[in-house]
Number of protein chains: 2
Amino acid sequence: MINIAILGCGTVGGGVAELIEENFKEVKAAAGDDVRVKYILDIRDFKGTKYEKIVVNDINVIVNDPEIKIVCETMGGKEPACSYSKLALEHGISVCTSNKELVDFYGAELSEIARKHNCSYLFEASVGGGTPLLRTLKTLRHEKLDKVMGILNGTCNYILTKMRNEGMEFADALKLAQDKGYAERNPDADILGHDTARKIAILASLVSGKRVRYESVNCEGITKIDKLDFKYADKLNATIKLLGFYKEGHEVLVAPFLIKNNNALYNVNEAFNAILFHGNMLSDAMIYGSGAGRYPTASAVVSDVVELAKNFNKFIYNGLSLELNNNINQALKFKYFVRADKFIDGVQQLESFNDECAFITEPLSEAEFNNKFAGLEIKNKIRILEAI
Amino acid sequence: MINIAILGCGTVGGGVAELIEENFKEVKAAAGDDVRVKYILDIRDFKGTKYEKIVVNDINVIVNDPEIKIVCETMGGKEPACSYSKLALEHGISVCTSNKELVDFYGAELSEIARKHNCSYLFEASVGGGTPLLRTLKTLRHEKLDKVMGILNGTCNYILTKMRNEGMEFADALKLAQDKGYAERNPDADILGHDTARKIAILASLVSGKRVRYESVNCEGITKIDKLDFKYADKLNATIKLLGFYKEGHEVLVAPFLIKNNNALYNVNEAFNAILFHGNMLSDAMIYGSGAGRYPTASAVVSDVVELAKNFNKFIYNGLSLELNNNINQALKFKYFVRADKFIDGVQQLESFNDECAFITEPLSEAEFNNKFAGLEIKNKIRILEAI
């Protein structure tokens with residue numbers, strides 16, 4: 001019997017408990033033994049539910065129970081998730097988490113604590129929700145991975161899909177996403193790109209082997225994208241997606257991109273996520289899956305539980321490092337799609353809607369763009385992703 | 001130092017040797033120790049090349065060397081690959097292979113031999129080339145997987161992509177594929193669907209946990225697809241792809257499908273492969289990558305080498321079973337796109353080219369189709385994949 005505890009029984013944590021019950025036989029076959037949720041830590045008391053008898057509100061009950069070998073931290077946020085994870089690891093209890101904020105902020109430190117105490121810190125569910133991404137990247141350590149990019153935020157992808165397929169304005173698509181439960185009442189973390197920035201920071205850290213901080217990501221959200229941008233995109237046989245982008249040696253970027261219809265990312269719609277990566281031998285590969293949602297994310301957490309159950313009393317490699325990545329300075333250059341008040345020489349002019357001038361530039365860094373087009377009134381500019 | 005032997009130094013085997021040299025540092029980090037190719041078994045002598053000194057032509061030299069812990073079988077075909085693999089496993093030497101024919105034919109038996117001798121039999125490269133597929137499926141044992149389908153043959157996908165994008169006839173696209181080295185001089189195994197059938201048989205076996213034989217796959221190739229089919233597909237905002245298809249409880253099928261442009265498989269072009277699967281908690285996920293090619297396939301073989309290196313002297317679960325799957329009898333029902341000499345009542349008529357009648361049927365099994373349209377002269381019929 002493998003006894004686990006779930007910290008925070010919200011959407012994801014509750015899903016973990018349900019999955020372990022629903023797929024009891026499969027989880028047992030995978031983990032090699034029965035898996036039981038012995039404790040749920042929550043501020044609620046779950047009176048009258050089946051969780052009533054296993055709810056505790058003191059983390060010490062959990063970390064001092066020698067039967068507990070694994071803790072699922074599905075609380076989110078920095079505290080008390082960080083202190084509780086640290087405490088568990090110091091007691092030799094492995095931790096798996098869906099908490100990208102904590103992984104970005106303190107994941108490397110928690111990994112070092114795990115290493116010292118012969119246990120592990122895993123975080124499959126923190127990037128890409130149910131998308132089986134980090135597990136797959138771990139099987140590619142024999143590759144020289146030099147690029148990773150992807151659609152990492154289901155909320156933004158849902159909004160952009162609605163704008164594209166149903167001709168909605170941004171505000172209406174956002175409202176629909178909120179009504180459907182895809183977006184928070186305060187949607188800033190999603191639509192300003194911060195959530196994607198955290199995820200691409202984690203991916204860039206894993207792929208480069210050195211820590212990339214969220215704060216160092218050059219981040220642009222989707223709030224400026226309007227209906228007209230999609231009309232242009234359509235004429236260019238393209239769509240618009242918010243991407244996280246990392247290429248070895250270059251700035252780490254979050255921004256909306258025009259993506260042509262021959263690209264594997266073009267058809268990743270609704271709340272799905274997809275992540276493309278490139279290895280020197282593998283060439284391109286992509287993983288696609290549900291970027292969010294109770295059960296897909298719970299499935300990712302349980303994949304960690306299984307991995308931990310098969311590797312008790314040792315530290316499992318997780319790709320995090322305390323060493324900072326100082327090689328993320330070179331500016332990325334992209335062609336830009338631009339809507340402005342006039343054309344200038346050398347741009348590829350497009351047929352324009354309304355009174356504006358639409359064109360495509362040569363490949364430019366952001367600084368070069370700002371320099372070159374300083375005299376123009378720019379209504380919008382969107383980077384163009386070349387075929388991968 | 002981890003000493004390995006490569007059986008058959010052709011496209012894939014040679015790629016494995018090159019990868020281990022080129023990515024020596026990465027392979028070491030992944031495997032936990034230096035990996036060295038100590039022997040290459042081949043009928044050629046590689047005189048004047050760097051392999052000259054390590055070539056042997058007697059399998060006994062390899063299996064009787066106690067330093068050899070891993071053998072990469074990249075010979076292809078049943079014999080002598082089967083005997084050599086068996087011999088290695090009986091000596092406690094783990095085997096990894098790219099040989100789908102052997103995995104389908106005798107993989108479950110070889111796994112049992114491995115289990116008895118505390119070593120392992122892995123076959124990542126046998127399905128999907130470089131696509132990191134089987135590794136990912138293995139991390140989903142806690143899911144109830146009930147469906148897997150995909151584009152599994154790079155040659156067919158290349159031909160269909162050329163027909164679609166460049167309006168080529170089948171024969172011309174096939175010739176181009178041969179000239180480019182994507183198709184064999186005798187292309188039957190690819191274009192008749194047999195290669196895809198072997199791969200979907202392996203996938204169906206892994207997903208169901210019980211053996212599905214190649215012979216039990218209902219298999220239809222792409223030789224009947226012509227230029228005109230793509231003209232109709234285009235009007236339906238669709239394309240045509242050869243899919244392997246497995247759904248729990250149903251016949252295992254290989255056939256060309258019309259795939260709508262909102263499907264994640266729609267943009268999988270050229271020689272790329274992509275495999276979609278569905279789990280009860282995960283929902284849909286897809287893995288995309290290079291379906292063939294020297295280095296991507298070698299990368300898949302080396303991912304097995306790494307896994308084996310981390311698990312010496314034990315049997316690694318590989319999903320194969322000796323028990324036959326007897327639950328693959330229910331007929332699949334699909335809507336069909338049909339080109340015939342006349343319409344019949346109840347079909348959805350399409351605007352037709354030339355003198356023929358094109359229409360879409362209600363969902364039918366193949367037997368129902370043949371029964372219902374017995375009186376018609378059918379020029380072509382293609383199943384339609386509903387959105388997944």
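How many residues does helix H12 of chain A have, and how far does the helix reach from its first C-alpha to its last? Helix H12 (residues 294-309) of chain A has 16 residues and reaches 22 Å, close to the 22 Å expected at 1.5 Å a residue; the expected span is 1.5 Å times one less than the number of residues. Please keep in mind that this is a predicted model, in which local features need pLDDT of at least 70, side-chain atom pairs count only at pLDDT 80 or more, and totals for chains, interfaces and linings use all residues. Residues are numbered from 1 along each chain as its sequence is written, while chains are lettered from A and ligands numbered from 1 in the order in which they are written. Helices (H or I, at least four residues) and strands (E, at least two) are DSSP runs, numbered from the N terminus.

**Helices of chain A**

- A residue is buried if 20 or more other C-beta atoms lie within 10 Å of its own, exposed if 12 or fewer, and partly exposed in between, with C-beta atoms placed from the backbone.
- Helix H4 (residues 81-90) and helix H5 (residues 100-116) of chain A have axes that come within 10 Å and cross at roughly 15 degrees. Axes are lines fitted to C-alpha atoms, for helices over the stretch in contact, and angles run from 0 to 180 degrees between N-to-C directions.
- H4(A) and H5(A) are therefore roughly parallel to each other; angles under 35 degrees count as roughly parallel, over 145 as roughly antiparallel, 65 to 115 as roughly perpendicular and the rest as oblique.
- The crossing of H4(A) and H5(A) is right-handed, a term used if the near helix is turned clockwise from the far one by less than a right angle.
- Residues making this contact include A:Ala81, A:Ser85 and A:Leu89 of H4(A) and A:Leu102, A:Tyr106 and A:Ile113 of H5(A). Two residues are in contact if their C-beta atoms, placed from the backbone, lie within 7 Å.

**Strand E10 of chain A and its partners**

- Seven of the eight residues of strand E10 (residues 253-260) of chain A are buried, so this strand is largely enclosed by the rest of the structure.
- Strand E8 (residues 218-219) of chain A runs parallel to E10(A) and is joined to it by two bridges; A:Cys219 has A:Val254 as its bridge partner. Two strands pair if DSSP finds at least two bridges between them.
- Strand E9 (residues 238-247) of chain A pairs with E10(A) in the antiparallel sense over eight bridges, and A:Ile240 is bridged to A:Leu258.
- E9(A) and E10(A) form a hairpin with five residues between them, where A:Gly249 in the turn has a positive phi of about 85 degrees.
- Strand E16 (residues 378-385) of chain A pairs with E10(A) in the parallel sense over three bridges; here the bridge partner of A:Leu258 is A:Ile384.

**The six-stranded sheet of chain B**

- Chain B has an open sheet of six strands in the order E3-E2-E1-E4-E5-E6, with parallel pairing. Its edge strands are E3 (55-56) and E6 (121-122), each pairing on one side only.
- Strand E1 (residues 2-7) and strand E4 (residues 68-73) of chain B pair in the parallel sense over five bridges, and B:Ile6 has B:Cys72 as its bridge partner in E4(B).

**Where the chains meet**

- In this interface, 42 residues of chain B are in contact with 42 residues of chain A.
- Helix H2 (24-31), helix H6 (134-138), strand E12 (283-290) and helix H12 (294-309) of chain B each give two or more residues to the side that touches chain A. E12(B) gives the most, with eight residues.

**Backbone points worth a look**

- Most residues other than glycine have a negative phi, and most peptide bonds are trans.
- A cis peptide bond joins A:Glu79 and A:Pro80, with omega about 5 degrees; A:Pro80 lies in the loop between strand E4 (68-73) and H4 of chain A.
- Phi of A:Asn313 is near 60 degrees, a positive value in a residue other than glycine. This residue, A:Asn313, counts as exposed, with 11 C-beta neighbours inside 10 Å.
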